[in-house]
Every structure is written in C-alpha cells, then in structure tokens.
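May I ask you to look at the sequence and the model together while I speak.

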Amino acid sequence: MGNYSLKEVMNKPERLAPGHRMCAGCGATIAVRAVLRALHEGDRAVIGNATGCLEVSSYMYPYTAWEDSYIHNAFENAGATLSGVETAYKALKKRGRLPQDETYKFITFGGDGGTYDIGFQSLSGAMERGHDMVYVCYDNGAYMNTGIQRSSATPMYADTTTTPVGKKSDGKMQNRKDLASIIADHDVAYVAQTTFTSDFKDLHTKAEKAIYTEGACFLNIMAPCPRGWRYDTPEIMKICKLAVETCYWPLFEVDHGKWTLSYEPKKKLPIEDFLKEQGRFKHLFKPGNEGLIAQFQAEVDRRWEDLQYKCARGN
Amino acid sequence: MAIKDRMSGNEAVSYAIRQINPDVMPAFPITPSTEIPQMVSTYIANGEMDTEFIPVESEHSSMSAAIGAQAAGARSLTATSSAGLALMWEELLLAASNRMPLAMALVNRTLSGPININCDHSDGMGARDTGWIQIYAENNQEAYDNFIQAYPIAEHENVHLPIMICQDGFITSHAVENIKLLEDHVVKEFVGEYRPEEYLLNPGKPIAVGPYSVTNYAMEAKKNQEIALENSKAVILEVAKRFERISGRSYGLFEEYKTEDADYIMLLIGSAAGTAKQAVHNMRKEGKKVGVIKLRVFRPFPAKELAEALRNCKAVAIMDRCESYNGNGGPLGSEVTAGLFRHKVSIEAVNYIYGLAGRDFTVEDVYDIFEELSDAVENGKEVEQYQYVGLRK
C-alpha cells in the first residue's frame, strides 16, 4: 500500500452506481464506495446487506445500484446470509460448478442497528465460524432508517427520538457499546476501526486488508448521518476529523490478535470540539450542563487510555 | 433393487439426504429433529457424502444461511422442529417470496407453552401460510419417499418454491420400522443436478436478490408466488408418477382407505392414520361402512379434490393435531369445511382436536368418533362441531 493514490483509486470503475436514493451527503454510501474501491479489478464480489437505509435506497425494484451480485435477506441476519453464500462458493468450487480461476469476495454491509443490536447474534455466529468474508458496519450511531432512534452504538447524552432531551432527560443515559473490541475478542482474522480521513488512505488500506485476509474480518466505519447528527451536511469531513482528533473515534486495527494504533493525534482536542458541531448534543452546551460534558470527556479518555494500553502491549 | 432395512424416520431422512448429497446444509439442533444434522455430520465425517455443513448459532440463522446458499446457486436444506421453526418464521416467508427451492426436514413437535417435546402439528400448521409446499408422512417409508421427491417438485420451472417434508416427532422420527430403500444411483438420477437459471455466483451475470418493492410492483410478486403454489399441485402428482416407476410406491395428494362406499370418513394427517386404518379395518369386519382419508399434501391445499372425495359420504370427522386458537376449530377443520362449502358438498362435518403434545390417540378413540358421527346422522343427535378427543376427565 506504499503507493496509494487517492486520485488513482477514484479513477477505478464505480461498483455502486449513482442514481440510488440515499440522502445527499450520506456517510453510508461514502463508506460503501470506499470499501468497494479496495476490491482488485477482475475480482468478483457478492455484496450482502442488512435491512436499513442503504438497502431500501439502493435496490428498489426494478432498479439496482449494485454492479456486483447483491443479496438483501432481512434485518438481523446479514452475517448468517452471507455465511451461506460463502459456503455455497466453497461447495460449488469443490464440485467443479465454478471455474477454478474465478475469484469471488464476500462483503456485507449493515448499519449499527443491524450490526450492534438486532443482527448481533448472527454477526457473532458468522465471525466465530470463521467464514471468509468481511462484515462492514457503517456506524451512524442510531436507527436512522426508522427515524433516529437510539441504538447501542449511540453515544451517551445524544438526543434521539427514543431518548429525547426534555425537562427530565439529558438524552441517552448509557455509553456506547465497543463493538470492534467485542468482535476482536471473537479471535477473528482481522478487525479495524476507521472513518473518512482527507485522503481516505486509512479506510482504503483497512478495507483491502479485510477483503484480502483469509477468514472472518470486521470493519467498523464511522459514517455520519447529517439528519440524525444535525450538522451542516457539507461539513462531514470536518466532523470525521474532529472525531479522530478528539479520540472519540480512534483509528486502530487488530490483525490476528495484534492491536495497533493507526493514528495518534499530536494534540488530543477537547471533546467539545466534536460535540458542538452537532445538534444532537446542543443541550450539553446549556449553562449548568458543564458536568455532562466533563463526564463525556472522562469516558473518551478512559477508552483512549485502554486502547493505548492494548496497542502498547500488542495484544 | 430395493434394499430392505430397518430404520427410524430420522435415519430414513438422513439416508435420503446422503443419497441426494446436496451442496449446503446449515442446521441447529432441536428435539426431535436433532438426529438429522447429527447423522448428516457423521456421514460427512466418514467421507460418505461431501455436503458443506454449517453449524449455525440458531434456527433463524440456519434458514438465513440456507437462503443465502440457495441464492448463490447451491442446493441447500435444513432440518428443524417446533420452536426452531417458529424462530425461522420471518425467514420462511423470505425463502418462499424469494422463490428459493430449498428443502426442509420438519419433525413435527408441539409449540411451547407449556414446553413439551412431543408430537403435534402446531409447528407445521403455524407455518401453513408462509408460502411453502408442505407434505406430511404417515411413517418412515413415506418420510423417505417424500424427501426424495422434494427437490424435483421444488426446483420445477413452474414452481421454484421451498418445500417442507414433515414427519411426526418421536412416533415416526424415533420409532424403528421396516423400510425399502432405493439404490444410491437411482436416487441421484431421479433427483438430478441442480441447474438454476439465475444465481449470485454466476460469473459475468450478476443478480440482485431481495429488493425493496414499491406498491406498484409488490402485489404482482405476491400473485406470481400464489400461481407457483397452485402450479405445484400438478408437479407433485407428476413427480409422484415418476417416483412410482422407480419405487413401485404410488402417491397422490391424499390417500383413501376403504372410502369407496363409506358413509363415514375420518380425515387426518400423519402417523395417526395408521391407528385410524386399523380401526376401520376392524369395523369393516362388523359391516360398518367407514373409511379414512390421509392428507399427504397440505400446501397447496387440495380443497376441490377433498370435496369430491367426500361428496358421497354422510359425515366426515376432520381430525386436527393442532389447536389454532381461533375459537372456531383447527386449521384442517377450517380449510376442509370452507372447501366443502365452496364446492357445494353439504355433509355433516365435525372437527376433532386430538393428540396435542404427544397425547395418545387410540383405536378406541376412532371407534367412538365413528359412533358419534353415525349417531348424528342416523338419530339426529346434536354433536358439538368442534371438540377435543382424549382430554383427562
């Protein structure tokens, strides 16, 4: 990956065609296109998809935006469905029903609802069994397709439609689940956490590694949702940068059990810088709520230190 | 040459699966179907078949993976019972609506609660409107024979629907009986290779499966699925004819036993047909004009054919091994009486619920039921149209 060039990879043929019905500025399609750019030309793929915004907007009968074979089954079973597809590939290869020189890769996409929550069991099963596939979570931290309800990926104090801020509520009361660590603890081949950086190198490198590492691989991609997070849509890259620079969303990978930090900010920015850009955290900046921000900061610090420890130890 | 052996129903179905050697089998254990994935795994471990087995973490995932494998171009199947089938429910609908011709060995067991591992048909009947073809067996021989006919029916170009091959938990699945098996090469030739037209792993011809469909299109998809289910009736009969040529055993939508001149007929599904036939055999010796219809194909429902078969009798006892909690009878009771009405057959039709959660159903029960039917017809006795048999007093 030494000779990565954004310009070069952007010139590859798109595998998610334009004309789908996702919102302008949606993080999910940016994540999908970036992952698919890591597929080597000539390699075929079967794309899986949990029910969610991405599915209902990209394959609306009789139109599909997917250049590769694609399967949507239901909400909670993207892991199991693709494990069936991947096993069929093995069976057909073994029985000579597919030419030996045909290579297929298996990539499935789910939002945090389909991945952290309702699809968690199916994902855990597929990862534990070690299917040769990549599960990609586009994590926008709430159930956006049904209208911004909290998920276990929603950060503490976020204002969502099922954790609304009110006289007696400061928003969501729990911290978010650390899914990348949980999947890493399944002893899978490769896990990485990433988001959109200015040159997309981090995402591209990790996607390529996940696709071309044998065994079960998991990518957790922070993919902001302008509607759910309530920021100015064109500011998506700034939001992602602040998530990384505040260590809210650290970039790391776990390659066959070895933890490595992909990026360490020179100067860790205060969490307010990330929060203040987003309408879902607006209430935290009301006078008297300074303590809530301090708690948020303490949780970010705790997780960052824990990650640094794991990476320093290497496993 | 037929191979004579002794086997349980689970062994018989596993033997059929070995002979068919499908591409992919995801499964999760549940009593009383657990032996099927165990036996298949053992065949694979011993090199007697080379199906890819996926030990999934739940039945929802077994059906999900089976759909994924089938969509990818592989012949797939699973096995389950009771709560396992209930957990799959959402996926049963998707298997049918995505037109996946996969097979399932269903070993019928009651649904919870209370939790109970024994036979009734509440699992299969709970899935009766999911779009699957459902074929029920009376004994291990039929379970074996039906499984061998499963893929030729499901994969037929006019059908493309999933198929459930059902047998009664423990009564059939675990009881060992004599059986006639076909030779491996005969089965392989009969079932043939799976050659889908469109599938995910078709190089250069990608497809998309499982669309969001707006109102403009979704209704036609549902109608097409319904047409396919109707089409399956002729295909089931055609495949049965072909099967008779290799086995000498003939199958239809249902089996009639001494019904030709019968005034009173008992209509039922599954292993209890054996009990009913024994009782009819005994009663015929006393000159009683009684008969049995054993329904083999529940989906598609042969309403017209059943109405014709019942047209000349005086009364029918419709036996449901399932309560459907509609306050009006069991599923078979509801469907048969609707069928009689639609085809203008006006006879006494009493719906009995029996054998729930493994409750015994005896020859004496059959005598009593026929007695009640004749009392109603000949003496004008008022009979409850929906009642239980064999309850503790």
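I begin with a term: two strands are said to pair if DSSP finds at least two bridges between them. Helices (H or I, at least four residues) and strands (E, at least two) are themselves DSSP runs, numbered from the N terminus.

This is a predicted model, in which local features need pLDDT of at least 70, side-chain atom pairs count only at pLDDT 80 or more, and totals for chains, interfaces and linings use all residues. Residues are numbered from 1 along each chain as its sequence is written, while chains are lettered from A and ligands numbered from 1 in the order in which they are written.

Let us turn to the two chains. Strand E4(A) pairs with strand E9 (residues 208-209) of chain B in the parallel sense, over two bridges. Within E9(B), B:Ala208 is the bridge partner of A:Tyr70.

How many residues of chain A are in contact with chain B? There are 36, and they meet 36 residues of chain B; contact here requires that the C-beta atoms of two residues, placed from the backbone, lie within 7 Å. On the side of chain A that touches chain B, the elements giving two or more residues include strand E1 (44-49), strand E4 (69-72) and helix H6 (120-129) of chain A. The largest share, 12 residues, comes from H4(A). By class, this side of chain A has 19 nonpolar, 12 polar and five charged residues. Ala, Val, Leu, Ile, Met, Phe, Trp, Tyr, Cys and Pro count as nonpolar, Asp, Glu, Lys and Arg as charged, and the others, Gly among them, as polar.

Chain B is divided into domain 1 (3-247) and domain 2 (254-388), with bounds from an automatic or database domain assignment. The centres of these two domains, taken over C-alpha atoms, are 28 Å apart. Between them, 24 residues of domain 1 are in contact with 21 residues of domain 2. Helix H9(B) gives the most to the domain 1 side, with five residues.

Finally, consider a pair of helices. Helix H7 (residues 140-154) and helix H8 (residues 184-191) of chain B pack at an angle of about 25°, with axes 9 Å apart. Axes are lines fitted to C-alpha atoms, for helices over the stretch in contact, and angles run from 0 to 180 degrees between N-to-C directions. H7(B) and H8(B) are therefore roughly parallel to each other, a description given to angles under 35 degrees. In this contact, B:Ile148, B:Tyr151 and B:Pro152 of H7(B) meet B:Val187, B:Phe190 and B:Val191 of H8(B).

Technical notes: Angles under 35 degrees count as roughly parallel, over 145 as roughly antiparallel, 65 to 115 as roughly perpendicular and the rest as oblique.
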